[in-house]
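Here is a brief report on one protein chain. Keep the sequence and the 3D view open while reading.

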Amino acid sequence: MADGSHPQSEAIFFCAHPDDGELLAGGLMASMASRGARVILIDATRGEMGTRGTPEGRDAEGAEAARILGVERDNLELPDGGIGRDMDATIHRIVRAIRQYRPRLVFTHTGTDHHPDHNDIHVAVRRAFFLANVMKYDTGQERFRPRKLMYFWSHRHEVPPSISFIADITDHWETKVRAIKAHRSQVDPASDSGPETYLTSDLFWHRIESRFGFFGSLINVRYGEPYLVEGVARVDDPLQFPDVSE
Ligand SMILES: [Zn+2]
């Protein structure tokens, strides 16, 4: 503890809205948690600007989804639709969370998305990832440097980013689907939570299935989730290199 570098969790997933984590990275979260990793899912907002549902209802749905995935859940309580409105305050809260949970890995959205909140949380997490280890950036906590920053894909990229790896989530697909379905106000048209949206349509489930099925096909498994890591991997022993699709 005194050296300022001792991790207390394996990963934090910073997500803009309460169902983003489940949709975009639920398989990997469940996979890590099933192997005993302490995984923290942090929503930046309570999704109060969503077409359907209420913040209180969405809190309860989020708690149920976290229980299904086997992760802990926290919330930065930033304004939905305004994560970038006061970037210094947003970054401060993210640094506080990194120093509190002390994760080995940090995950967030890519920065090439159609949703401004997704892009703003990407920018804020990148800056906070660096500042968390700056001693004189004062939050009243010890500084901390996570090992790596990684990005999960969003649904509707304007420009498809490259992929560094695809996680095999086949064994955790059903868990991911159950966690998404826990957000009843968002995805269940019978939940009477507001007007129809893309998430309550049949097309939504078709796209989820085909999208993660496609990424699974690239690594010869049923379902996969794509991730992007900045930088190049160091390989000391090429015999230990993971499988590469052909
Ligand atoms: Zn979102």
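## Model and sheet

This is a predicted model. Its open sheet has seven strands, ordered S3-S2-S1-S4-S5-S7-S6. The pairing is mixed. Strands S3 (72–75) and S6 (165–168) stand at the edges. Each has a single partner strand, so one side of each is left without a neighbour in the sheet. On average, neighbouring strands are turned by 30 degrees against each other, direction ignored.

Strand S5 (residues 148–152) and strand S7 (residues 224–229) run antiparallel. Three bridges join them. Tyrosine 151 has leucine 228 in S7 as its bridge partner.

## Helices on the sheet

Helix H2 (55–69) lies across S2 and S3, and runs at about 150 degrees to S3. Helix H3 (residues 87–101) also packs on the sheet. H3 touches strand S1 (9–15), S2, S3 and strand S4 (103–109). The direction of H3 makes about 160 degrees with that of S1.

Helix H4 (residues 116–131) has 16 residues. From first C-alpha to last, H4 reaches 22 Å, close to the 22 Å expected at 1.5 Å a residue. Which residues of H4 are buried? They are Asp117, His118, Asp120, Ile121, His122, Ala124, Val125, Ala128 and Phe129. These buried residues pack against S1, H3, S4 and S5.

## A helix pair

H2 has a helix partner as well: its axis and that of helix H5 (residues 173–181) come within 8 Å. The two axes cross at roughly 170 degrees. Angles over 145 degrees count as roughly antiparallel, and H2 and H5 are therefore roughly antiparallel to each other. H2 contributes Ala65, Ile68 and Leu69 to the contact. H5 contributes Thr175, Arg178 and Ala179.

## Nonpolar core

The largest nonpolar core has 56 residues. Ile12, Phe13, Phe14 and Met29 have the most contacts inside it. Helix H1 (residues 20–34) gives the most to this core, with eight residues. In soluble globular proteins, nonpolar side chains tend to be buried together.

What does phenylalanine 14 contact beyond its neighbours within four places in sequence? The partners are Ile42, Ala44, Ile94, Val106, Phe107, Thr108, Ile121 and Val125. Among them, Ile121 and Val125 are buried residues of H4.

## Two loop residues

Histidine 17 is found in the loop between S1 and H1. Is histidine 17 buried or exposed? It counts as buried, because 26 C-beta neighbours lie inside 10 Å, and 20 or more are needed. Leaving aside neighbours within four places in sequence, histidine 17 is in contact with Asp43, Thr45, Gly47, Asp80 and Asp117. Asp117 is one of the buried residues of H4. Histidine 155 is 138 residues from histidine 17 in sequence and 13 Å from it in space, C-alpha to C-alpha.

Glutamate 48 is found in the loop between strand S2 (39–43) and H2. It counts as partly exposed, because it has 16 C-beta neighbours inside 10 Å. Leaving aside neighbours within four places in sequence, glutamate 48 is in contact with Pro55 and Asp80. Proline 79 is 31 residues from glutamate 48 along the chain. Their C-alpha atoms are separated by 8.0 Å.

Technical notes:
Residues numbered from 1 in each chain as written. Predicted model: local features only at pLDDT ≥ 70, side-chain atom pairs only at ≥ 80, totals over all residues. Core = buried A, V, L, I, M, F, W, Y, C linked by C-beta atoms within 7 Å. Buried ≥ 20, exposed ≤ 12 C-beta atoms within 10 Å, placed from the backbone. Helix = DSSP H or I, 4+ residues; strand = E, 2+ residues; numbered from the N terminus. Contact = placed C-beta atoms within 7 Å. Pairing = 2+ DSSP bridges. Axes fitted to C-alpha atoms, helices over the stretch in contact; angles between N-to-C directions. Expected span 1.5 Å × (residues − 1). Parallel < 35°, antiparallel > 145°, perpendicular 65-115°, else oblique.
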